[in-house]
Amino acid sequence: GPDGERPGGNQPPCGSAALVEDSHYAQQQLVCAACGCVLAEGLLTTTYTDEQHLREVAYSQSTGQKEQLSRCMQRGIRRVQDLCKVLQLPSVFEETAVGYFQRALQHPAFHLVSLEKKELLGGCCVFVTCRQHNWPLTMGTICSLLYAKQELFAGVYLSVQKELGISVPALSLADLVKTHLSSFHLFRRAEDVPAPFVEDEERVVARTLQVVELASETWLVTGRHPVPIVTAAAFLSWQSLRPAARLACSLARFCEVAGIPLPPPARLRLRELHEILLRMASQLAWLRVFHLDKKTVVKHLGDLLQHRLVLLKNAFSLQDAEEQHGEAQGEGSAGSPPAAGPGQEEGCPLEGKRQCDSSRRPLLPPCLIHPRKRLRTAALSESDAALTGDEPISDSEIEQYLRGPQELRAFRKAKAWQASPAQPSPARS
């Protein structure tokens, strides 16, 4: 071609004008057909359509970026496959997770994220797949495999759900119990596990599920992290199977032998479970003759769980029966002393008066029994301050507030009990 059309106007040493374009791998070159001299080399950062014109373009639109995404895709797919093999997931899980990862990596929302977040994409896709197939896998487990922080992983996980429009069901508490207890070292004989501590896994899991259901029915699960509750329930279940050899074992020692970390809230959940069990034990006739405490009540955990529905019903309705009995006594004679309420023993010792009083209280959520100090509220915004309370309410919102007569009575009793002043403690001598 003419000199003006040659890049840079270079001439071959032989002086020939027979110049041809030759593709060397992905790079275009201008070569002399007579002597083979390379006069110009094409740019690497070009698109497929602009390579013949040798136009320099942005790297994000170049073939180099396409190759980089391909390499990133290959590394991510291998990471997803390796993660599925470590978790021993079925092959269909692996195929679904790889498909989610390819969609996520090609989505524009994940092109400019940090490398750390891109490395977590594969783990999030595996986690989403397990949740959709109801496979018990916790976020803590997959974060430990990826050496990732749970806060960062949770952010990427929520982004994957939002951008890809994936619906993920919540993990049931029963599946979490089975998954959490499967990592305990107490179900296989080992040198570091004492013989009295070894227990059958199926028996512990079955009883732990019953204790967790009891905790759910008494408002101990709502709004709380499930792992401390499962740990406390597993500890009680394990103790109750062989109480003679295990009542002296503490929760910290149990977690140490089981090879699991002790969640700090587990001690509080254990104390709340002890209170519920003592309340239920006070409703059983053959247990009233014993002076049960938080340790000895564990011996009768099987009986309490067997009659759980009846005992909880009696504990819930105890306050209503006492108030109706008190009203009847007040109408008959205002000056006569009140008779013993249901569930109250005639010969209740003085030292057990506090325990008897607590056993006669109705079962309430922990937030009502031990209310926290209210935090100082923030200033209202202009839109909130403009609300007068006379705004129309939609039918769908009204349905959320409709309650039956029984629920209304229970709600009024709970509010009245919460508002009643605490009885003064006896004066010390």
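This report describes the overall make-up of a predicted protein model and several of its residues.

The model is predicted, so local features require a pLDDT of at least 70 and side-chain atom pairs count only at pLDDT 80 or more, while totals for chains, interfaces and linings use all residues. Residues are numbered from 1 along each chain as its sequence is written, and side-chain values use heavy atoms, with hydrogens and water left out.

**The protein as a whole**

The secondary structure comprises 18 helices and three strands; helices (H or I, at least four residues) and strands (E, at least two) are DSSP runs numbered from the N terminus. Of the 429 residues, 35% are buried, where buried means under 20% relative accessible area, exposed over 50%, and partly exposed in between (1.4 Å probe, protein chains only). The protein exposes about 27,100 Å², and carbon and sulfur atoms supply 53% of this area. Among contacts (heavy atoms within 4.5 Å) between residues at least 6 apart in sequence, 59% join residues at least 24 apart.

R71 belongs to helix α1, residues 63-86. Together with R75, R78 and R79, R71 forms a patch of positive charge on the surface. Such a patch joins like charges within 9 Å, using residues with over 30% relative accessible area and no salt bridge; Lys and Arg count as positive, Asp and Glu as negative, and His and the chain ends are not counted.

Helix α2 spans residues 91-106 and contains E94. E94 is buried yet has no salt bridge, and K85, the nearest side chain of opposite charge, is 4.1 Å away. A salt bridge would need a side-chain nitrogen of Lys or Arg within 4 Å of a carboxyl oxygen of Asp or Glu. Leaving aside neighbours within four places in sequence, E94 is in contact with Q81, C84 and K85.

T96 also lies in helix α2. Not counting residues up to four places away in sequence, T96 touches T129 and H133. T96 and C125 are 29 residues apart in sequence, and their C-alpha atoms are 8.4 Å apart in space.

**Two loop residues**

Most residues other than glycine have a negative phi. Q88, in the loop between α1 and α2, has a positive phi of about 55 degrees although it is not a glycine. Y147, in the loop between α4 (139-146) and α5 (150-164), has a positive phi near 55 degrees and is likewise not a glycine.

| Residue | Relative accessibility | Class |
|---|---|---|
| R71 | 39% | R71 partly exposed |
| T96 | 24% | T96 partly exposed |
| Q88 | 66% | Q88 exposed |
| Y147 | 79% | Y147 exposed |

Notes: Patch = residues over 30% accessible without salt bridge, like charges linked within 9 Å, V, L, I, M, F, W, Y side chains within 5 Å. Areas by Shrake-Rupley, 256 points an atom, 1.4 Å probe, with all protein chains shown as cover. Charge placed at Lys NZ, Arg CZ, Asp CG, Glu CD.
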